[in-house]
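Dear colleague,

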Amino acid sequence: MSIENTSPHHLASVLFDLDGTLLDTADDLGAALNHVLGHYGHPTVSAQAYRPIASDGALGLLNLGFGVAIENHDYEVLRQQFLHYYQENIAVHTRLYPGVEHLLQHLEAKNIPWGIITNKPEGLTKLLLPHYAEFANCAVMVGGDTLVKRKPDPEPLLHACEQISVAPKHCFYVGDALRDIQAGNSAQMTTFAAKWGYIPSSEDCQRWQADQIIASPTDLLAFIDQKR
């Protein structure tokens, strides 16, 4: 694991994507999808099929489950049914990824503020986070509908920096999707591709142009300590 490509600036903050980066939310999202599919008599989808799509939200999951048959339904009705079930069952199976708790404790011990920038709707994010005591000290949260623009646009990341009064060039951004790396690079942050997240096996994240690719949350610790 090399550190030559990281930013030469000191580290002021670490910002994270949520689904597929801090939290493994796939099984609760998959349950919502399968609930809607079952309601309409469609076959359910296996975890193996829905996990790589989990971070694409309701649109990606419903398209996966219904396929071309989605044209026979009112998408907005499907979306509302999906979101209602998910909201009512938002933290049944969702867990922190191994190493996340230790990583956040490490940041807090070093007085490095950390935050979450997700494309998950703000309302759902605010509903989900309190289920996990480890997120109590989150310094800033920006949801997918907090602003007009969302990732891959850098605006949510820049907005988060404004909220906690840090310069983007002094931030790390960690995410498991191309849009995360695009947003972080456009914001001039040091970017980390989270290999443990919802990355399809066919996807080559080497092409994303992240500053680093890391295999686990605790791999970030060496980079954090290098910059303090």
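Against which elements do the buried residues of α8 pack? They pack against α7 (155-164), β6 (171-175) and β7 (190-194), where contact means heavy atoms within 4.5 Å.

This is a predicted model, in which local features need pLDDT of at least 70 and side-chain atom pairs count only at pLDDT 80 or more, while totals for chains, interfaces and linings use all residues. Residues are numbered from 1 along each chain as its sequence is written, and side-chain values use heavy atoms, with hydrogens and water left out. Helices (H or I, at least four residues) and strands (E, at least two) are DSSP runs, numbered from the N terminus.

In helix α8 (residues 178-186), Asp180, Ile181, Ala183 and Gly184 are buried, meaning under 20% relative accessible area with a 1.4 Å probe, protein chains only. These residues cover an arc of only 165° around the axis, which puts them on the same side of α8; the arc is that of the directions from the helix axis to the C-beta atoms. Gln188, which follows α8, has a positive phi near 65°.

Helix α3 (residues 57-66) takes part in a packing with helix α1 (residues 26-39): their axes come within 10 Å and cross at roughly 45°. Axes are lines fitted to C-alpha atoms, for helices over the stretch in contact, and angles run from 0 to 180 degrees between N-to-C directions. Leu29, Leu33, Val36 and Leu37 in α1 meet Leu61, Leu62, Gly65 and Phe66 in α3.

The axes of α3 and helix α4 (residues 75-88) also come within 10 Å, crossing at roughly 110°.

Kind regards

Definitions and conventions
Buried means under 20% relative accessible area, exposed over 50%, partly exposed in between (1.4 Å probe, protein chains only).
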